[in-house]
Amino acid sequence: MKRFLHVWSMVLTLGLLTGVSSCSNDDTVAPPTVNVPQNTLAFKAFDTEAKTVTIESSADWTFEVTGDSQICDVTREEGSNTLTVTPKINYDKAAYTAQIVITAGTGSNTASQTITVTQEANAETYLNILNSDLMGDNPIVTISNDPDGGNTEYEIRLATNNKLTLAYSQDQTAPSTTALTPDKQTRVTIDGCDWITYEVGEETTGEGTVTVLTLSCTFNEDTSESRTAFLEIVSGEGTNNTVIRKRIGITQMADKPTIIINAPEEGLVATYDQSKPLTFSVAGNVEFTWNWITAASWVTLKETTEEGNKSNVRNFSLEFDNWTGLSDREATLTFHAVDKPSEAMADVKIIQTAAPQASISLNTNSVVFNNGEETETKYVTVECSFSDMTITTKDLETETKAAWLTADYDASAKAVSVKVNGTTQKTRTAEVKLSCGGNGNEASATLTVTQLGTEATLLLDPESIQIDSKGTAQTIAVLTNQTDWEVVDPTATEDFTITVDKEKKTITVSGTPLDAGLREHTYTVKAGDLEKQFTVKQQVAYKVGDPYIVNGKTVGIIYQVDESGMNGKAFSLTVYNTNDKQTYTTGFYDMSNLPGSRKSGKENLEKMKTIAGADWTTTCEVAGWTQQLAERDGVDWYVPAIEELIELTEYMTGVKFQTKTYTLENPEGGYPATTTVTGIPFSTTLEIKDSGFGDTTIASETFVEEENINAAKTNWNIIRDLYKHYTDGDQYIVFLHSDEDGLIDGRSDVWDASGDALSDRWLSSTVESMYYGSLAVVKTVTFTTSRVEESYVNATSSWWDEYGGSIHPICQFGPDQQR
């Protein structure tokens with residue numbers, strides 16, 4: 001107890017001493033105080049009315065606006081303690097926040113408070129033209145001359161939630177822009193247009209505020225010439241929001257026969273997947289009709305003018321088929337007078353833009369239905385560059401449609417739903433193929449669907465894996481209805497590590513780093529009395545130019561690899577140079593169903609198999625020979641599509657395909673000589689003949705791509721040496737049959753149809769129709785003394801004898817090609 005009294009005694013003493021000390025400091029200034037009765041201000045996007053805040057402070061104070069300070073003006077009258085906050089209209093599709101920091105006092109003796117100002121986001125921009133005669137995408141209105149010679153006014157009524165600007169152009173030339181000012185009831189002139197002025201006003205209706213754009217058109221004293229202006233009303237320009245444009249044609253018709261189309265200078269442009277019709281208007285002071293200058297089966301023109309319409313404006317719509325090509329397609333539509341077409345005429349270009357590069361990717365390549373899951377739906381996430389795709393199924397046992405499963409694509413959900421129908425005693429597996437695109441721009445992906453039966457089942461997916469040189473882990477799915485399973489002797493080799501997850505039914509394989517060469521091991525999985533094996537391969541990543549080795553034998557050369565070095569393409573060291581193989585035997589091909597992919601020889605091969613049926617190796621001789629080679633080498637060789645063949649040619653030649661134009665000026669001042677070469681040009685000679693007789697050359701010049709020639713000769717010899725080295729001279733490749741340097745060593749049986757006279761013409765698997773669909777041709781890469789170019793030959797021998805060429809198989813390799 002005494003100890004506690006002692007402590008309290010010390011505290012009391014200290015307290016007294018402190019009190020004495022405080023009383024002696026009479027210069028201390030009390031800190032200022034500042035109070036803000038309202039520390040938040042909220043404004044809607046279109047609020048313009050100011051709000052005030054009274055500041056209570058014991059000292060003089062200042063303010064600073066931070067954050068999104070552009071949303072409001074903040075003012076304080078001299079001698080006043082009130083802040084006035086005036087919001088600015090927010091046209092952006094984004095909310096903003098500003099802070100008003102109030103600081104009282106000076107130096108280190110201050111106090112502060114913050115007022116938070118928020119402003120709501122504007123909605124998505126909309127722009128509606130309310131006039132019934134201005135409906136559609138590209139309307140026209142005709143303005144009549146005032147009978148008394150004065151101005152004619154026309155009101156355009158608008159509803160929008162964003163800034164308005166007005167762009168003017170005449171005859172679709174470069175526009176100039178003038179800002180509309182709804183808050184000013186003043187007459188505004190349009191730069192470059194001396195016969196139209198406008199005034200902007202507002203009108204309150206039961207449905208809200210309507211902007212009224214009043215056009216005033218002067219009297220057209222020239223009755224022989226019509227005059228037209230195109231006004232583009234733009235909402236949202238310069239804001240962080242959607243920009244919407246509405247183009248309106250204004251025309252004053254005169255006596256001269258005239259037809260006016262409201263369309264931008266570039267034409268009427270539709271997207272590759274245009275679902276909504278494009279609409280436009282045509283005005284004329286004569287009766288008119290239309291014709292297609294260029295045929296366009298992919299677009300349909302319909303007239304949408306209301307029945308009983310007595311104006312000289314007619315309305316039309318264009319409906320488009322979906323387009324999958326990688327380049328724009330165009331057509332031209334002309335409108336002309338009925339009685340005298342040449343008297344009044346106007347054209348419009350119709351454009352449908354190129355489609356994106358076709359692509360399909362799945363988040364998994366395998367779906368398994370266990371017993372008891374017959375009523376479930378399983379989903380696979382799909383990334384597809386198109387909004388629609390084709391889905392086919394194939395039972396892997398019967399090679400027919402898998403009627404026991406259903407697969408549907410939902411573009412909005414970006415998913416494929418898979419269901420199985422009923423139970424099965426025997427495990428069944430199907431391949432679901434997803435395809436998109438067309439016109440040489442195709443892509444596909446394959447999904448394996450397995451339904452486990454009631455009988456004992458053990459399947460592995462996949463049955464072989466290839467891991468990279470780092471030993472990165474890969475996973476195998478174990479598909480079984482057995483209660484237990486195991487990997488027999490998982491530690492048989494120290495090269496690979498096996499990890500089993502029986503709950504997820506997976507086997508994960510990783511490897512130790514590999515510096516060189518190839519190693520592999522085969523493991524056995526056992527479930528009850530069932531056994532399955534899987535093979536693990538590991539090899540060092542490939543580089544371009546490496547030999548492609550299968551089962552210890554070099555069968556090809558790598559000419560493409562991805563960044564990992566594990567996936568790529570190789571060309572075969574076995575070539576067929578004899579001119580006796582047809583792509584199709586006579587009468588086989590169907591002009592409406594050709595293997596026409598320019599990008600994928602694999603897709604073309606599958607198409608040939610589907611069309612030709614079981615005897616496709618006999619009916620499709622080129623593909624049949626390639627299949628024999630594939631079986632011999634244990635490699636999925638195939639005939640490349642034309643663009644794959646061009647890539648192979650570019651690798652072997654060392655020069656890219658290009659389009660080059662050569663021009664020779666006429667020394668006598670006449671027309672120059674010009675030619676355009678597509679491919680790999682080596683040389684081309686231009687001549688200008690005497691214009692009087694045409695048999696005297698007055699100027700000539702040979703254009704030679706020395707760089708191309710030197711690169712080609714060097715690279716061709718390297719490729720030739722590869723064939724010699726790896727095949728002991730048994731195989732050879734022909735670029736040209738002869739040249740001045742004697743570099744070509746191909747066997748030349750010229751004009752012998754059973755020899756290699758056409759071996760410098762390399763066949764692709766891309767087949768197209770020509771001559772109005774009456775002839776099927778195979779695209780080729782052909783070597784000539786002046787260039788390497790894309791060309792074609794007949795697909796069969798029914799039209800001419802030179803139907804063949806040389807066959808240069810390629811393959812795809814790597815883990816991405818295993819499934």
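In this predicted model, helix 4 has eight residues listed here as buried: Val 622, Ala 623, Gly 624, Trp 625, Thr 626, Leu 629, Ala 630 and Asp 633. These buried residues pack against strand 44 (547–550), strand 45 (553–561), strand 46 (568–572) and strand 51 (761–770), and also against helix 2 (601–612) and helix 3 (616–619). Helix 4 itself covers residues 621–633, which makes 13 residues. From its first C-alpha to its last it reaches 19 Å, close to the 18 Å expected at 1.5 Å a residue. After helix 4 comes Gly 634, with a positive phi near 70°.

Two further helices can be taken as a pair. Helix 5 (residues 642–653) packs against helix 6 (residues 706–727) at an angle of about 100°, and their axes are 7 Å apart. Angles of 65 to 115 degrees count as roughly perpendicular, so helix 5 is roughly perpendicular to helix 6. Helix 5 contributes Tyr 651, Met 652 and Thr 653 to the contact, and helix 6 contributes Ala 711, Ala 712, Asn 715, Trp 716, Ile 719 and Tyr 723. Of the residues in this contact, seven are nonpolar, two are polar and none is charged.

Tyr 154 stands opposite Leu 215 of strand 17.

Strand 15 (residues 187–190) shows how side chains can alternate along a strand. The partner of strand 15 is strand 16 (residues 193–205), and the two pair in the antiparallel sense over four bridges. Here Ile 190 is placed opposite Cys 193 of strand 16. The two strands make a hairpin with two residues between them, and Gly 192 in the turn has a positive phi of about 90°.

A second open sheet has four strands in the order 29-35-34-31, and its pairing is mixed. Strand 29 (366–369) and strand 31 (390–395) stand at the edges with a single partner strand each, so one side of each has no neighbour in the sheet. The twist in this sheet averages 20° from one strand to the next. Strand 34 (residues 428–438) and strand 35 (residues 441–451) pair in the antiparallel sense over eleven bridges. Ser 435 stands opposite Ser 444 in strand 35.

One residue remains to be described. Glu 330 lies in strand 26 (residues 329–337). Its relative accessibility is 47%, so Glu 330 counts as partly exposed. Leaving aside residues up to four places away in sequence, Glu 330 touches Thr 294, Trp 298, Lys 349, Ile 350 and Ile 351. Glu 330 is also 63 residues from Gly 267 in sequence, while the two are 9.6 Å apart in space, C-alpha to C-alpha.

Technical notes. Residues are numbered from 1 along each chain as its sequence is written. This is a predicted model: local features need pLDDT of at least 70, side-chain atom pairs count only at pLDDT 80 or more; totals for chains, interfaces and linings use all residues. Side-chain values use heavy atoms; hydrogens and water are left out. The expected span of a helix is 1.5 Å times one less than its number of residues. Buried means under 20% relative accessible area, exposed over 50%, partly exposed in between (1.4 Å probe, protein chains only). Contact means heavy atoms within 4.5 Å. Two strands pair if DSSP finds at least two bridges between them. Axes are lines fitted to C-alpha atoms, for helices over the stretch in contact, and angles run from 0 to 180 degrees between N-to-C directions. Angles under 35 degrees count as roughly parallel, over 145 as roughly antiparallel, 65 to 115 as roughly perpendicular and the rest as oblique. Ala, Val, Leu, Ile, Met, Phe, Trp, Tyr, Cys and Pro count as nonpolar, Asp, Glu, Lys and Arg as charged, and the others, Gly among them, as polar.
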